Each structure stands twice: as structure tokens, then as C-alpha cells.
Amino acid sequence: MARRIPLSFEFFPPKTAEGMARLQQVRSALAAFDPEFYSVTYGAGGSTREPTLAAVQALHRAGCPVAPHLSCSGDDTDGVLDLIDRYREAGITRLVALRGDLPSGVGGSGQLVHANELVALIRRHSGDHFRIHVAAYPEIHPEARGYAEDIRWLGAKFAAGADTAITQYFYSADAYCHFLDACRAAGIDRPIVPGIMPITNYESLRRFSVRCGAEIPRWLQYRLADFGDDSAGLHSFGTEVVTRLCERLLAAGAPGLHFYTLNQAGATAAILRALGQAESA
Ligand code: FAD
């Protein structure tokens, strides 16, 4: 049997009670793969503050280990500290600490500018209570001034107290392997877990990838576009491509996999089954 892969599953916070009920179904389907934790995204500037809190509390009440995302751009420091306190009091022990991307047109009024400052704030305020995850970019953050400089800033997040990183998604195993080598050469020895985006809808993946700076290789764009309305064909091809990617990443030393589930269980579960991950009853 395939070795057990350390897993985490990312959700976005539903805005309605029906959405939350659906998310609990997705969560319970994915629980069969025994993840280390679930994470819940946070809209920069506090735009999903209440829905994120509600989803985190609901998952926590259901007995799930959960890591709320927390971003600093556009949030004032008191608001960030208030959230940290609420999570600590609720018994949450992990956070994903980010800068966040404010929607265009929204000005950033936050006192904290970069994620390393947020990590330092969490450590000053809460000591070692939280395990802190930060973001990393094997294809380099779109605003970065250079490859080495982006890695230097990742190093600054670890120096400020982060424990581990989760990457932006990508479809080139080489990008991850080179990035790991460059991080090690820069003295970064913490786990860097690849973020995995299943392929279920080409148009929305293409749009989102342009926004976040993730590259869909040209050959893959053409293959995916050819499926047109054949969503069953696209799902099956997407599962094959992403499964192979995961196999290569794990062989290259990836310490686990973090899935961007988009609040759906099917595509993530199909990849995990193809990777030989058994589902518990
Ligand atoms: P930073 O680490 O601050 O880096 C941003 C840029 O600034 C980089 O180009 C870096 O090279 C540079 N830089 C870093 N530190 C410094 C410094 N001290 N001085 C000068 N330059 C610096 N966004 C959300 O809004 N909500 C979410 O829930 C969310 N979840 C995410 C989860 C993961 C796993 C990932 C990979 C991304 C997520 N994002 C989320 C997106 C993220 O907020 C954006 O990619 C954002 O643009 C950068 O966030 P960061 O934490 O990497 O920022």
C-alpha cells in the first residue's frame, strides 16, 4: 500500500447557512483521507472576517484541526490582535499568516505591510501557542523584484517565527524542485509543502491563474481548451495530470500536499485515490 501522505485541505468561507451545510459534507467526505488539518481563507482587509470566523468555529466544533488564514494588508493591528485572541481562546493552534491581496481600488490602511511583520506580531503577542504557516512561491510572487530576493523574504518569514510554508499552486514539478534547491542553498531548512490545485474548470482556472501569477504551461492550456464542454473528459485528464505532478513532487521530497479544494471533494478525492491513499471507514 502507498505510504500515508501528510495532507491538508483548504476551504473558502461560505456566506450562507446552506453553503456551510454543504461545506460540512465536503469536509466529512475528505475526512476519510485523515488530513492533518483544514484551512479557511480570509478576505484581505477583513472582507470575510465574520464568515471566516464562523467557518473556523464550525469546523473546530466538529472536532477538526483547523488553521484560519489571517492577512494583514488593510486590517488595523488591533483588529488582527483581536482575531488572534479569539482563535487562541477557542483553542485553535495553527494560523496561516499572509499579507493578503486587497481587491483593486481598495486602499490599504493596515499598519502591517508584509507577512514577516504579521508573523513577528503573532509571536510577540502569543509566544509559541500557534504553529504558523506562511506562503511561498515556486514560480515567484508576481510583485517580487527577483528570484533570490523573493526567497530572501521567505527566509525573513521563517526568521520571524514561521514554522512551515505552503506554496502557491503550479503545474511544473521543476519549478518546485529548483525552488527547494534555492531555498536550501539560502539556508531555509523548514518544510515547504506544495499547494495543489485540481483541474475542474479551464476558464476559471485560467482567469484565476492570471490574477495570482500561477503559470499554466502552454501545452496544458491547449489540451484543456480542447475539452470544451466535455467536463467529464476534462476532470479525468485533470486528475491524471495533477496525480502525476503530485507523484513527482513527493519523489522530489515534498513533505506533504496541501489541496486547494474550492469547497469540492470530488477532484481532490480522485487524485488522492489515484495516489493510492486509502479512505478510512
Ligand atoms: P509577503 O510575504 O509579504 O510577500 C509579498 C511580496 O512582497 C513578495 O513579492 C515579496 O518578495 C515581497 N516582500 C515580502 N516581505 C517583504 C518585506 N519585508 N519588504 C519588502 N518586500 C517584501 N490571500 C488572501 O487574501 N487570503 C487568503 O486566505 C490567502 N491564502 C493564501 C494561501 C496560500 C497557501 C498562498 C500561497 C497564498 C494565499 N493568499 C491569500 C494570497 C496571498 O495573500 C498573496 O499571494 C499576496 O500577494 C502575498 O502574500 P504573502 O503572505 O506571500 O506576502
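Two strands pair if DSSP finds at least two bridges between them, and helices (H or I, at least four residues) and strands (E, at least two) are DSSP runs, numbered from the N terminus. The model described here is predicted, so local features need pLDDT of at least 70 and side-chain atom pairs count only at pLDDT 80 or more, while totals for chains, interfaces and linings use all residues. Residues are numbered from 1 along each chain as its sequence is written, and side-chain values use heavy atoms, with hydrogens and water left out.

| Strands | Bridges | Direction |
|---|---|---|
| β4 (residues 94-98) and β5 | 4 bridges | parallel |
| β5 and β6 | 4 bridges | parallel |

From β5 the chain crosses through α5 to β6 in a β-α-β crossover that is right-handed, a term used if, with the strands pointing away from the viewer, the path from the first strand over the helix to the second runs clockwise. Because 5 of the 6 residues of β5 are buried, this strand is largely enclosed by the rest of the structure; buried means under 20% relative accessible area, exposed over 50%, and partly exposed in between (1.4 Å probe, protein chains only).

**Thr 164 in strand β6**

Thr 164 has its place in strand β6 and, at 4% relative accessibility, counts as buried. The side chain of Thr 164 reaches the backbone oxygen of Pro 191 at 3.3 Å. Apart from neighbours within four places in sequence, Thr 164 is in contact (heavy atoms within 4.5 Å) with residues including Arg 131, Ile 132, His 133, Val 134 and Phe 158.

**Helix α6**

Helix α6 (residues 173-185) has 13 residues, which at 1.5 Å a residue should span 18 Å, and its end C-alpha atoms are 18 Å apart, in agreement with that value; the expected span is 1.5 Å times one less than the number of residues. Ala 173, Ala 175, Tyr 176, Phe 179, Leu 180 and Cys 183 are buried in α6. Seen down the axis, these buried residues fall within an arc of 155 degrees, so they line one face of the helix, the arc being that of the directions from the helix axis to the C-beta atoms. They pack against β5 (131-136), α5 (147-159), β6 (164-169), β7 (192-196) and α9 (231-251), whereas His 178, Asp 181 and Ala 185, on the other side of α6, are exposed. After α6 comes Gly 187, whose phi is positive, near 90 degrees.

Conventions. Polar contact = N/O pair within 3.5 Å; in protein donor to acceptor, adjacent residues only side chain to side chain.
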